[in-house]
Amino acid sequence: MPLVIVTGLPSSGKSTRAEQIKHCLENRGKTVNIVSEENCIQLAGFEKNDMFRDSQKEKMVRSNMKSEALRLLNKNDVVVIDGSNYIKGYRYEIFCASKASRTTQCTVYCAITKDQAWAFNETDNKNRKAYEKDVFDALCLRYEEPQHNNRWDSPLFTWFPEEELDEENLFNALYTTKSLVPNLSTQNPPLSSTNFLFEMDKITQEIIDQVLSARKLGLVGSVKVKTANSSKQMLEVDVPADMNAAQLNRIRRQFLNYMKLHTTPGSTIDKIPSMFVQFLNSNCDR
């Protein structure tokens, strides 16, 4: 289930590091899946340099890599994303996916100077076509280096080509630290039945209508309301007398949006009247 993002400049040794990581973890009894940018480019039918010159093609490959990584995530296996991963927003998307999957994650930054990377690019042309100069320069210019203080890049391992893989710390980062905990921004909203949403909309509108009717009759102060779904006890709505229909309905929409995110399929409708009245009383400016 742990996920490793490998990132770096073009020809910085990312694929070599990914293979080292795979070998290291497999020696410890783990199953490792590598999602390779190179393979995704080939499967899409693109040529590498042309792909990086075309933002739409590049976006497609990034999307395919992310989808493949999420497909491979499970409780036991390690997923290594081997690619440039040069956009910090993209790394953040992967981070959010890790949180939603409740897994651990780390970033491996293949540090290298631009000149050294270009030298590797010119000499290492046996198994793949090298980057052309304009593409290489553009990727270096666009590269957003990972930072250890960014939560989506942390824990961050920075290794130069001549450095050995820190196997122990890498393993501990993946298997001895706590898994990322999902929050509201990375969780799917709970589903509610269509009938539940319809009834909730109907009840809240009924309460707003009773308040507006009382105001039209010249009543000020608290308004006692009753719905078919509420208990025998009247509910007391305490909102300013000068609040108009638009303001009350704005608060009603806020309540409906909140409930869509926080209700579960087992939620009951009988608590909605009192909850909405409490929400109204708490969110009206006096």
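This section describes the helices, loops and selected residues of one predicted protein model.

The model is predicted, so local features require pLDDT of at least 70 and side-chain atom pairs count only at pLDDT 80 or more, while totals for chains, interfaces and linings use all residues. Residues are numbered from 1 along each chain as its sequence is written, and side-chain values use heavy atoms, with hydrogens and water left out.

The secondary structure of the protein chain comes to eleven helices and seven strands. Both are DSSP runs numbered from the N terminus: helices are H or I with at least four residues, strands are E with at least two. Buried residues make up 42% of the 286 residues in the protein chain. Buried means under 20% relative accessible area, exposed means over 50%, and partly exposed lies in between, with a 1.4 Å probe and protein chains only. Contacts (heavy atoms within 4.5 Å) were also classed by sequence separation. Among those between residues at least 6 apart in sequence, 76% join residues at least 24 apart.

Helix α4 covers residues 55–72. Its 18 residues should span 26 Å at 1.5 Å a residue, and its end C-alpha atoms are 26 Å apart, which agrees. The expected span is 1.5 Å times one less than the number of residues. Glu 58, Val 61, Met 65, Ala 69 and Leu 72 are the buried residues of α4. They cover an arc of only 70 degrees around the axis, which puts them on the same side of α4. The arc is that of the directions from the helix axis to the C-beta atoms. The face of α4 turned away from its buried side carries the exposed residues Ser 55, Gln 56, Lys 59 and Arg 71. The cover over the buried residues of α4 includes β2 (32–36), α2 (37–43), α3 (48–53), β3, α5 and α7.

Helix α11 was treated likewise. Its twelve residues (272–283) should span 16 Å, and the end C-alpha atoms are 16 Å apart, in agreement. Ile 272, Pro 273, Phe 276, Val 277, Phe 279 and Leu 280 are buried in α11. Seen down the axis of α11, the buried residues fall within an arc of 160 degrees, so they line one face of the helix. Gln 278 and Ser 282 are exposed, on the face of α11 turned away from its buried side.

Two packed helices are described by the angle between their axes and the distance between the axes. The axes of α6 (residues 114–123) and α7 (residues 133–142) come within 12 Å and cross at roughly 145 degrees. Axes are lines fitted to C-alpha atoms, for helices over the stretch in contact, and angles run from 0 to 180 degrees between N-to-C directions. The crossing of α6 past α7 is right-handed. A crossing is right-handed if the near helix is turned clockwise from the far one by less than a right angle, and left-handed if anticlockwise. By class, the contact has four nonpolar, no polar and three charged residues. Ala, Val, Leu, Ile, Met, Phe, Trp, Tyr, Cys and Pro count as nonpolar, Asp, Glu, Lys and Arg as charged, and the others, Gly among them, as polar.

Backbone geometry came next. The peptide bond from Ser 154 to Pro 155 is cis, with omega near -5 degrees. Pro 155 sits in the loop between α7 and β5 (156–159). Ser 11 has a positive phi, near 60 degrees, and is not a glycine. Ser 11 lies in the loop between β1 (3–8) and α1 (14–26). Its relative accessible area is 8%, so Ser 11 is buried. Asn 85, also a residue other than glycine, has a positive phi near 45 degrees. Asn 85 belongs to the loop between β3 (78–82) and α5 (88–100). At a relative accessible area of 5%, Asn 85 is buried.

Two further residues were examined for their surroundings. Thr 158 lies in strand β5 and, at 36% relative accessibility, counts as partly exposed. Thr 158 and Thr 107 are 51 residues apart in sequence but 8.5 Å apart in space, C-alpha to C-alpha. Not counting residues up to four places away in sequence, Thr 158 touches Tyr 109, Ala 111 and Glu 163. Met 234 is in the loop between β6 (223–225) and β7 (235–237). Its relative accessibility is 41%, so Met 234 counts as partly exposed. Met 234 and Ser 274 are 40 residues apart in sequence and 9.6 Å apart in space, C-alpha to C-alpha. With residues up to four places away in sequence not counted, Met 234 touches Lys 224, Val 225 and Lys 226.
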